[in-house]
Amino acid sequence: MRAWVLVAAVFWYLPRTGWQRFSEVTKKGFIYGKPAYTVKVYVELHHNSPFLVCMDIKHAKKETVDPTYSWIGPNEKPLKGNNQINITQTGKLMVKDFPESLSGLYTCTFSYKIIKAQTQVEKTVKQRYEFMMFAYREPDYSYQMAVRYTTKSCVGSYNDLFFRELKKVLDNLIFDLSCHVIESSYKCHFVKVPEHGLIYELFIAFQVNPFASQWKSACHGTADCEEVTNPNILQARDRIAEFFRRQAYLFYHDPNKILPLIHFVDHSFEMARIDTCRPGFGKSEGLHSNCATCCVVCSPGTFSPDANVTCQTCASAYAYGAKLCPQT
């Protein structure tokens with residue numbers, strides 16, 4: 001017997017706060033530099049970044065004389081004059097409404113003086129820190145599902161009719177969530193069941209997708225529509241799982257119930273989540289282990305043209321978030 005899929009236990013919804021993707025963020029939301037080490041920071045698209053501190057924790061706990069802080073952005077561009085960049089007097093940097101185009105290497109130089117009290121001799125000390133900031137977004141969820149029904153025979157139009165009606169029922173069940181059933185198909189097989197002989201069964205497969213025709217109107221103009229579509233698809237998943245659970249209960253737990261010719265096979269419902277990324281984003285557990293489940297912006301030298309899961313190599317893609325591979 002195939003085990004029933006425990007929906008609530010197996011699938012979980014990822015948190016939506018971008019800076020929590022970095023494990024060393026402090027309680028105040030600060031990320032400190034590390035000498036001779038590039039700190040990776042993942043910022044959810046169109047959210048504010050955490051504060052990057054132009055100092056390591058060791059220096060932060062000490063008194064410093066005449067400290068100065070100098071920041072350089074991606075492509076070694078100065079950051080002054082950019083309205084999205086906030087740099088405090090104490091050298092902390094934060095990016096507002098983080099776009100994929102501001103992904104890249106952020107470098108700061110921390111300078112301070114060491115003064116010998118007796119001689120008043122001054123020595124200037126400089127320390128450089130590097131931060132790699134990447135925009136990311138949550139993947140778009142869909143669900144691949146499979147279910148089985150017994151039938152009278154593999155020959156006959158009633159199997160086609162039942163299949164079409166089942167799809168209509170499932171579509172109506174999740175229509176208000178802007179979700180729909182796609183890529184649906186079935187095959188009929190005869191199955192030898194111990195102590196029951198040969199039984200004809202319909203093996204049905206389909207995908208539950210959050211992008212029905214009206215999905216954009218459900219987003220209400222938000223930039224990150226996965227904040228709407230992902231909760232919707234989770235609700236759709238639960239409704240469909242409950243639909244088949246009720247069928248199993250009605251058909252197999254009611255002793256007075258007469259089973260129809262085509263009926264649900266108990267414990268046959270299975271499902272698996274499928275993640276896709278928007279164009280310009282992809283997953284890479286090797287490159288982004290701190291954000292392995294995220295769709296991270298494609299780095300220069302890569303691109304993603306469609307709803308794929310990985311960024312593809314492209315030597316002529318020079319910007320972050322490339323959706324096309326320019327021809328050279």
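Reader: Is Asp275 buried or exposed?
Author: Asp275 is buried, because its relative accessible area is 14%. Buried means under 20% relative accessible area, exposed over 50%, and partly exposed in between, with a 1.4 Å probe and protein chains only. Before we go on: this is a predicted model, where local features need pLDDT of at least 70, side-chain atom pairs count only at pLDDT 80 or more, and totals for chains, interfaces and linings use all residues. Residues are numbered from 1 along each chain as its sequence is written, and side-chain values use heavy atoms, with hydrogens and water left out.

Reader: Thanks! Which side chain meets Asp275 in a salt bridge?
Author: That would be Arg273, at 2.8 Å from N to O. A salt bridge here is a side-chain nitrogen of Lys or Arg within 4 Å of a carboxyl oxygen of Asp or Glu. Arg273 is partly exposed, at 25% relative accessible area.

Reader: How many salt bridges are there in the whole structure?
Author: A search finds 16. Some are linked: Arg137, Asp140, Glu226 and Arg278 form a network of salt bridges.

Reader: What does Glu100 pair with?
Author: Glu100 forms a salt bridge with Lys323, with the closest N and O atoms 4.0 Å apart. Glu100 sits in the loop between strand S6 (92–95) and strand S7 (104–116), and Lys323 in the segment after strand S17 (312–313), so the pair ties together parts 223 residues apart in sequence. Strands (E, at least two residues) and helices (H or I, at least four) are DSSP runs, numbered from the N terminus.

Reader: Nice. And where are Glu165 and Lys168?
Author: Both are in helix H3 (residues 158–174), three residues apart, which means about one helical turn separates them. Glu165 is partly exposed at 37% relative accessibility, and Lys168 is partly exposed at 49%.

Reader: Changing topic: which residues make the nonpolar surface patch of about 350 Å²?
Author: Phe190, Leu198 and Tyr200. Patches are made of residues with over 30% relative accessible area and no salt bridge; like charges are joined within 9 Å, and nonpolar side chains (Val, Leu, Ile, Met, Phe, Trp, Tyr) within 5 Å. The accessible areas come from the Shrake-Rupley method with a 1.4 Å probe, and for residues only the protein chains shown count as cover.

Reader: Where is Phe190 found?
Author: Phe190 is in strand S10 (residues 180–193), and it counts as exposed because its relative accessibility is 58%.
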